[in-house]
Amino acid sequence: MTKAKHAKTNAIRLLEQQKIQFEVIEYETGDGQVDGISVAEKIGHPVSRVFKTLVAKASAQKLFVFVIPVAEELNLKAAAKVVGEKKIDMLPVKELLGYTGYVRGGCSPVGMKKLYPTVIDASAQEQGSIIVSAGKIGMQIHMQLDDLVAVTKAKLAPITTTQE
């Protein structure tokens with residue numbers, strides 16, 4: 001995986017600082033098709049390798065990050081159990097930028113304002129390398145799962161609705 005000149009997002013800066021190998025993949029956003037499945041098609045990778053980043057809240061200041069395949073839905077009960085909470089809810093979109101430094105559609109699990117507890121769906125283990133947002137709409141990062149786990153201090157667990 002190579003590095004080329006791209007706009008630097010917090011995610012890219014952090015990966016470079018930690019000397020982690022990654023590839024930046026850019027895609028066209030002019031058509032407004034920026035959902036995960038459309039992005040997978042645009043960048044020519046299987047949908048199963050492209051993951052989205054979701055942020056959920058347990059209480060006023062307790063946030064969690066979940067990284068799941070773009071075609072899946074987060075199982076809130078399973079996710080709450082994995083992080084040791086009774087109940088979690090999705091963080092309202094209007095609060096996303098303030099907490100993470102990222103906008104909806106461009107939220108990366110890497111380089112948020114704080115390192116929140118992170119869980120990556122166990123299905124990622126079947127991929128070896130996965131693709132996540134680079135922290136900007138129109139830009140993705142392709143990297144080894146082990147490196148993503150290390151940089152986000154994530155744990156792997158089944159957290160999607162198909163794995164109940």
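Modeller: K42 counts as partly exposed, at 31% relative accessibility (buried is under 20% relative accessible area, exposed over 50%, partly exposed in between, with a 1.4 Å probe and protein chains only). The model is a predicted one, in which local features need pLDDT of at least 70 and side-chain atom pairs count only at pLDDT 80 or more, while totals for chains, interfaces and linings use all residues. Residues are numbered from 1 along each chain as its sequence is written, and side-chain values use heavy atoms, leaving out hydrogens and water.

The partner of K42 is D31, and their closest N and O atoms are 2.7 Å apart in a salt bridge (a side-chain nitrogen of Lys or Arg within 4 Å of a carboxyl oxygen of Asp or Glu). D31 sits in the loop between β1 (23-26) and α2, whereas K42 belongs to helix α2, so this pair ties together parts 11 residues apart in sequence (helices, H or I with at least four residues, and strands, E with at least two, are DSSP runs numbered from the N terminus). D31 is partly exposed too, with a relative accessible area of 46%.

Over the whole structure, five salt bridges are found. Another of them joins the side chains of K57 and E95, at 2.9 Å from N to O. K57 is partly exposed, with a relative accessible area of 21%, and E95 is partly exposed at 22%.

K87 and D89 also meet through their side chains in a salt bridge, with 3.2 Å from N to O. At 55% relative accessibility K87 counts as exposed, whereas D89, at 37%, is partly exposed.

Some of these elements return at the largest pocket, which holds about 630 Å³ of space. Its lining has 24 residues, and K52, T53, L54, R104 and G105 are the closest to the centre. Two or more lining residues come from each of α2 (36-43), β2 (51-59) and α4 (93-100). β2 gives the most, with five residues. A pocket is an open set of points on a 1 Å grid over the protein atoms alone, where a 1.4 Å probe fits, with protein on both sides within 12 Å along at least five of seven lines; lining residues have an atom within 4 Å of a point. Its volume is the space filled by probe spheres set on the points, which are joined across faces, edges and corners.
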